[in-house]
Amino acid sequence: MTETKIRIQDDLYQAVNGEWLKTAVIPEDRPTTGGFSDLDQGVEKLMMAEFRAFAAGEKTTDIPEIRYAIALYKKVLDAERRNREGIAPALPLLEKLRGIKTPEALNAQAAELLLEGVELPVQVGVSEDMENAEKHCFVVLGPDLILPDTTYYAEDNESGKQLLAVWSDMAAKVLAFTPLSEAEQKQYLADALAFDALVARKVKSQLEWSEYYKCHNPMDADEVAGFTAPFDLKKLLEDLYGEAAPKTLIVYDPKAVKEMNGYYSGENFDLYIHWAYVNAMLKATPFLSEELAALGKTYKRALRGVSVDPSLEKQAYHLASDMYAEPVGVYYGRTYFGEEAKKDVVAMVHKIIDTYKLRMAKNTFLAASTKEQAIKKLSTIEVKMGYPDEIKPIWSKLVFDEQDSLLPIMRKLREIRQRDMLDKLHKPVDRTEWLMPGHMVNACYNPSANDITFPAAILQKPFYALSQSASENLGGIGAVIGHEISHAFDNNGANFDEHGNLKNWWKEADFAAFQELTKGMIEQFDGIEFHGGKVSGELTVSENIADNGGMGVTLEIMHGLPDADYQAYFKNWARVWCQKAKEEYIRLLLASDVHSPTVLRANMQPRNFPEWYDAFGVTEQDQMYIAPEKRISIW
Ligand SMILES: [Zn+2]
């Protein structure tokens, strides 16, 4: 181990990662390096070599969908054709939008525009029904904003002003490529900004979105259509579904939808349609000439503090592996994820669930009946490990004419996926669907399915390795598994039952006690100064509860290990959160991410557990000490 002046008792994160942090360089084309990002870069490198070999015909696979992924990959690499065509492939849709002068004209072709990827006055889609997780529902929500959150629109928010200036400058330059006159370009841009400013006052903030169970607001379709008039939502539903048009809609952000007609009726219709035009133009740029593609990414680069775009080859790989995510993930899993590792991690998951049940049974703030319900919920959690056994039919439907230009190809592929999503409305939910592909470095809990997913790509060092000690693996992937399970009982997940239905299964006093503990977790993080900003305890509470639960359950397992090494456990916990990020990106995450900064994830939770104090002899004199009465362990 490298000698370092920082004592582990004062700063676990720095003591473990300090040497690395001194020398690590963030790649020019990425906002972060270290931890998750390193694994992600490793997968990228490995899979790009695979794609190269497939494209060169040096390799074949028995996964047929990969052929299309490779065709798309090659298409992106052919920049010469796109440079020659310039803006031409985007013109038909832009001209169509330019011709829409009234709400009636919009209503007549709204269904078609939706499938072409145009932003309607409200966003619509099909999702799992929170109240009945076996069924789907039709959801309605307000438009997306230019800036990452409503808070950026506050009078005193300087980065909001700067970012809006970057966006405006980019949009003006992109509009100069269109057939619009100079005066029209100015008008369209001003209107787009005015529409965005109107919407920003109505839509939910990231903090409001973070309480996702509050999205379930069933409303009568006629009533919603009354709010969205003169945009004819009923006609859109009929055009999409005919006789089978849904009668009840789920409104995700009622505040925005209820005041909709105010922001695009009368004179405001121009604001909306010009906003939609600018959006359609910007959305097309990644698939046009290299000049337009680079220009269209200016704002995203500024937001993340990234100075250059990834190479064309990286862009080609990412576009193709995102569009064909499941087949690519299955290929990755079959090629790089061993059966032995899979068996080992599945056994670890079951051990963690069993231990969670024991802890739940010993819980001191729940009544017996609530404990029983919680244990039932734990018993029915489904585990998705590595990658799916079979590839769903939608992925083989993603076919295209290889003679076409990239933009129409991308629109066609997105339309197929959009149709598939809309067609699910009257079909039962398929619980065997995976939310994340095998090559993604991440993990998740789905409250509607009560299942957890661990893609093969996260099952690597430092999270997990057969060659690491059991203690290290518990501090890495073990705590992540415990984290995902804890989402079943965080401030959101606690509102769903074992079937994934939004239903109150708590005794009132139990829920009040849980909320009191939740409040304690909010207070632990709220207002911590970080890179010139402050952490929001409320925004990050669900993830902090999950980290707390993940640590509690894995430390419990440590108690039973004959060769438990608590120091190794905590060190590996700090290692997985090792990260260096661009300043702009840190500010973006602070305002919009439900996860706490990685330094705090590493350093805050250990002090809630006695094992931390014993492992390193931490006392009142040390920075990473908190008094026993302030320590919180919820699950
Ligand atoms: Zn989480």
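Visitor: Is A494 buried or exposed, and how many other C-beta atoms lie within 10 Å?

Guide: A494 is buried, with 23 other C-beta atoms within 10 Å. The cut-offs are these: a residue is buried if 20 or more other C-beta atoms lie within 10 Å of its own, exposed if 12 or fewer, and partly exposed in between, with C-beta atoms placed from the backbone. This is a predicted model, in which local features need pLDDT of at least 70 and side-chain atom pairs count only at pLDDT 80 or more, while totals for chains, interfaces and linings use all residues. Residues are numbered from 1 along each chain as its sequence is written.

A494 sits in the loop between α22 and α23 (508-525). Helices (H or I, at least four residues) and strands (E, at least two) are DSSP runs, numbered from the N terminus. Not counting residues up to four places away in sequence, A494 touches F489 and F514; two residues are in contact if their C-beta atoms, placed from the backbone, lie within 7 Å. A494 and A256 are 238 residues apart along the chain, and 26 Å separates their C-alpha atoms.

T150, in the loop between β3 (136-141) and α7 (158-175), counts as buried with 20 C-beta neighbours inside 10 Å. T150 touches A200, V203 and S205, leaving out residues up to four places away in sequence. Q621 lies in the segment after α28 (610-616) and counts as exposed, with 8 C-beta neighbours inside 10 Å. Q621 and D38 are 583 residues apart in sequence and 35 Å apart in space, C-alpha to C-alpha.

Some backbone details also fall in loops. N450, in the loop between β7 (444-446) and β8, has a phi near 50°, a positive value in a residue other than glycine. N450 is buried, with 22 other C-beta atoms within 10 Å. H531 lies in the loop between β9 (529-530) and β10 (533-534), and its phi is positive, about 45°, although it is not a glycine. H531 is partly exposed, having 13 other C-beta atoms within 10 Å. The peptide bond from K461 to P462 is cis, with omega about 0°; P462 is in the loop between β8 (451-455) and α22 (470-486). Another cis bond runs from A229 to P230, with omega near 10°, and P230 belongs to the loop between α10 (221-228) and α11 (233-241).

Now the wider layout. The chain is divided into domain 1 (12-46 + 323-392 + 430-630) and domain 2 (87-287), with bounds that come from an automatic or database domain assignment. Their C-alpha centres lie 34 Å apart. The contact between them takes 17 residues from domain 1 and 17 residues from domain 2. On the domain 1 side, helix α26 (residues 583-592) supplies the largest share, four residues. That side has six nonpolar, nine polar and two charged residues, where Ala, Val, Leu, Ile, Met, Phe, Trp, Tyr, Cys and Pro count as nonpolar, Asp, Glu, Lys and Arg as charged, and the others, Gly among them, as polar.

The largest nonpolar core has 167 residues, and L12, A69, Y73, V140, A171, V278 and L459 touch the most other members. Such a core is a set of buried Ala, Val, Leu, Ile, Met, Phe, Trp, Tyr and Cys residues joined through C-beta atoms within 7 Å. Helix α14 (residues 268-284) gives the most to this core, 11 residues. Both domain 1 and domain 2 give residues to this core, so it lies between them. V278 touches A171, L175, Y188, L189 and A192, not counting residues up to four places away in sequence.

Last, a helix pair. The axes of α19 (residues 339-362) and α20 (residues 368-379) come within 9 Å and cross at roughly 175°. Axes are lines fitted to C-alpha atoms, for helices over the stretch in contact, and angles run from 0 to 180 degrees between N-to-C directions. The two helices are therefore roughly antiparallel to each other, as angles under 35 degrees count as roughly parallel, over 145 as roughly antiparallel, 65 to 115 as roughly perpendicular and the rest as oblique. I353, Y356, K357, M360 and A361 of α19 meet K371, A374, I375 and L378 of α20. These contact residues divide into seven nonpolar, no polar and two charged.
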